[in-house]
Amino acid sequence: MKGIRKWITAFAAIVIALSLTACQGDASADDRNVPTGSPESVSAQPSVGSESQTAELNERDAQKLYNNYIEINNHMVGEINDALTQYFSNVNIESGEFELVKENINNYFCYYPHSAKYLGYAQEAYEAASSKSEKDALDQAYLNFYPSLQKMITILGEIHAYTKDDGFLEDDYAKSQEQHTALMGVLEEYFMYGEEFMEELNTVASQREKEALEQMKAEGYEVLYTLNMAMLSAEDIYNELYRQGIGNENVLDMDLTLIQPLYDEFTSYVDQVLQYDQDKDKLKQEGLYMSVDGMRNWGFFVTALQNTHKSITVVLEKVQAGEPLDMIAIRMSGSGNGSVSSFAEGLSETIDCYNNLLAY
């Protein structure tokens, strides 16, 4: 279980990075009738950092392959990891035999929706990558990963179907051992090749992101550029905390000399966002100040960003004072509380608000 939890944490940051551009890159500009140069078309450029994709696939297919990689990545750190965490909270991961952790059979349940849909993403990406005569590092990493990914999606789907309607009660867990053996048999391979795939995807995504941000700035989308830089600087803090192994319980082990410069940069971008918050004309010019069904989407983003900043500010103040985090703050869920976990939750919420802001 510890290995699984560590793996989940390690790749939470990667999905954050991808989310900054994924919502804009889910279709080509032609597909969505977005004029060239508009904010929504900025990151919808095909295959930055992957020459073979541009050379062998047309623009639409290259973008579709990359988008499928994004979907797979997000599925891995989302539904798959949620399902594994849930399953192994009920079943002993240390045992090769199926063994419930708790006596209460009602806990034996694996929530895993729409496995057929995710198999579709995986299969489409596999066929597209396989068809290329010259495969880049990301393509090859995915081709290596696909067999274990396909097995994992299938197995989790079967476990979900078996536990959804208490089918295990009808045959006294007869299929549980078979399913558990299959799951344990693919875990190591899934983790190993999954890590390689996500590392390569992160490399390509970072390059695409860098070029998209420069394009934003060059085309005059100053607010949009600042929003992304604010989230990226917060992500840098998150990644450094992870690299140092810092969580709620050991914040005093933090190397503040490495965190403080990142925090100062984050603070500077937050201050810029708050300045733009007072300039409605500029926000309207970039299509960011709007109201849908009475909801002020820009306001949601600003609030989420402020809460994220508040959380890490309180954490660093505690570290500077040589004090551990307040246990009440640790136990409270939601962004804005003074804890490392609240900072991570706030960053995720900020990105969701950003994606929603650009979705309209």
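Helices here are DSSP runs of at least four residues, numbered from the N terminus. Ser341 is found in one of them, helix H14, which covers residues 340–359. The model is a predicted one. We start from this residue, then step back to the whole protein and walk through several other sites.

Ser341 counts as partly exposed, because its relative accessibility is 35%, and that class lies between the 20% and 50% cut-offs. Leaving out residues up to four places away in sequence, Ser341 touches Asn248 and Ile330. Ala329 is 12 residues from Ser341 along the chain. The C-alpha atoms of Ser341 and Ala329 are separated by 9.7 Å.

Now the overall picture. The protein has 14 helices and two strands. It has 360 residues, and 51% of them count as buried. Its accessible surface comes to about 16800 Å². Carbon and sulfur atoms account for 48% of that surface. Consider next the contacts between residues at least 6 apart in sequence. Of these, 75% join residues at least 24 apart.

Next, a pair of helices. Helix H6 spans residues 137–164, and helix H8 spans residues 176–218. Their axes come within 7 Å and cross at roughly 145°. The crossing of H6 past H8 is left-handed. What kinds of residue make up the contact of H6 with H8? They divide into 20 nonpolar, five polar and five charged.

Thr163 lies in H6. It counts as buried, because its relative accessibility is 1% and the cut-off is 20%. Thr163 touches Tyr108, Phe109, Cys110 and Phe168, again not counting residues up to four places away in sequence. Tyr111 is 52 residues from Thr163 in sequence. In space, Thr163 and Tyr111 are 8.5 Å apart, C-alpha to C-alpha.

Turn to helix H4, which covers residues 59–90. His75 has its place there. Is His75 buried or exposed? It is buried, because its relative accessible area is 3%, under the 20% cut-off. Setting aside neighbours within four places in sequence, His75 is in contact with Ile80, Tyr112, Tyr118 and Ile153.

The loop between H7 and H8 deserves a stop. H7 covers 167–170. Most residues other than glycine have a negative phi. Against that background, look at the backbone here. Phi of Asp172 is near 55°, a positive value. Phi of Tyr173 is near 65°, also a positive value. Neither residue is a glycine. Tyr173 is buried, because its relative accessible area is 17%, and buried means under 20%.

The last stop is helix H12, residues 297–321. Ala321 is found in this helix. Ala321 is partly exposed, because its relative accessible area is 46%, which falls between the 20% and 50% cut-offs. Leu252 lies 69 residues away from Ala321 along the chain. The C-alpha atoms of Ala321 and Leu252 are separated by 9.5 Å.

Definitions and conventions. Residues numbered from 1 in each chain as written. Predicted model: local features only at pLDDT ≥ 70, side-chain atom pairs only at ≥ 80, totals over all residues. Heavy atoms only, no water. Buried < 20%, exposed > 50% of the residue type's maximum accessible area, 1.4 Å probe, protein only. Contact = heavy atoms within 4.5 Å. Areas by Shrake-Rupley, 256 points an atom, 1.4 Å probe, with all protein chains shown as cover. Axes fitted to C-alpha atoms, helices over the stretch in contact; angles between N-to-C directions. Left-handed = near helix turned anticlockwise from the far one by under 90°. Nonpolar A, V, L, I, M, F, W, Y, C, P; charged D, E, K, R; others polar.
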